[in-house]
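Visitor: I have a model open and I am new to this. Could you show me how to read it, feature by feature?
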Amino acid sequence: MLEICLFRCFKRPFAVSEEVAAKAKEIFGAEAEVFYREDGAPVIKNRENAFLSAAHSNEVAVAVFSDRPVGVDIEWIRPFNHNVLKRLLPSERQFVGKGDERSFFEVFTFKEAAAKMSGIPLAQAFDSVCAVHNGRMKKTFRGARAERVFLDNYVITIMAR
């Protein structure tokens, strides 16, 4: 089971907390409660096999609910600090080229979604998660499938088993 919800968030980046909590109850039952860890990651408690990953960028938030570990990231495609390219793995730098924003955020959202699904810190994911193989974006990571969606000027990557 995988349910994806998009929200507009104009005032505060993640002012959709109540909507996410309501959706969790709708999907997993009235006893499901959403709380946020110190690092800001949402967690569903009072239910087994209930997982939630959420992200926001600019004015859009996305929440993904699943009965298995899941990770999601969304990024508004925009100019980025090219110093970050040094942090990418060689195959990823080659894929991004001289600074193509869309390609960069494809790689970045893959890494962040994989990190969230696996529970590894994002800084570690930059070193250990490879998003590109043979010049193409990977479709899997550790047995999970990676799906990318392009919506307006956003890229969303969902990582789920």
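Visitor: Which residue lies over the face of Phe 35?
Guide: Keep in mind that this is a predicted model. A charge counts as sitting over a ring if NZ of Lys or CZ of Arg is within 6 Å of the ring centre and within 35 degrees of the ring normal. Here Lys 45 lies over the face of Phe 35, and the distance to the ring centre is 5.2 Å.

Visitor: What sits over the ring of Phe 150?
Guide: The charged end of Arg 102. The distance to the centre of that ring is 3.6 Å.

Visitor: How many aromatic pairs does the structure hold?
Guide: Start with the general idea. A pair of aromatic rings is described by how far apart the centres are and by the angle of the planes. This structure holds 6 aromatic pairs.

Visitor: Which residues do ring pairs link into a cluster?
Guide: Look for Phe 80, Phe 104, Phe 105, Phe 108 and Phe 126. Ring pairs join them into one cluster.

Visitor: Now the core. Which residues have the most contacts inside the largest nonpolar core?
Guide: Phe 104, Phe 110 and Met 159 do, in a core of 26 residues. H3 provides the largest share, 9 residues. Phe 104 also belongs to the ring cluster.

Visitor: Which element gives the most to the lining of the largest pocket?
Guide: S4 does, with 6 residues. At least two lining residues come from each of strand S3 (42-45), strand S4 (51-57), strand S6 (70-76) and helix H3 (101-118). Sorted by class, the lining has 19 nonpolar, 4 polar and 6 charged residues.

Visitor: Why does Tyr 36 count as partly exposed?
Guide: Because its relative accessibility is 32%. Tyr 36 is part of strand S2 (residues 33-36). Ser 17 is 19 residues away along the chain, and the two C-alpha atoms are separated by 9.7 Å.

Visitor: And why does Arg 93 count as partly exposed?
Guide: Because Arg 93 has 33% relative accessibility. Look in helix H2 (residues 90-96). Between the C-alpha atoms of Arg 93 and Ala 160 there are 25 Å, and the two are 67 residues apart along the chain.

Visitor: Last topic, the backbone. Where does Asn 49 lie?
Guide: In the loop between S3 and S4. Check its phi: about 55°, a positive value, although Asn 49 is not a glycine.

Visitor: What is the phi of Arg 142?
Guide: Near 45°, which is positive in a residue other than glycine. Arg 142 is in the loop between strand S9 (140-141) and S10. Its relative accessibility is 52%, so Arg 142 counts as exposed.

Conventions:
Residues numbered from 1 in each chain as written. Predicted model: local features only at pLDDT ≥ 70, side-chain atom pairs only at ≥ 80, totals over all residues. Heavy atoms only, no water. Phe/Tyr/Trp six-rings, centres within 6.5 Å; stacked < 30°, edge-to-face > 60°. Helix = DSSP H or I, 4+ residues; strand = E, 2+ residues; numbered from the N terminus. Nonpolar A, V, L, I, M, F, W, Y, C, P; charged D, E, K, R; others polar. Core = buried A, V, L, I, M, F, W, Y, C linked by side-chain atoms within 4.5 Å. Buried < 20%, exposed > 50% of the residue type's maximum accessible area, 1.4 Å probe, protein only.
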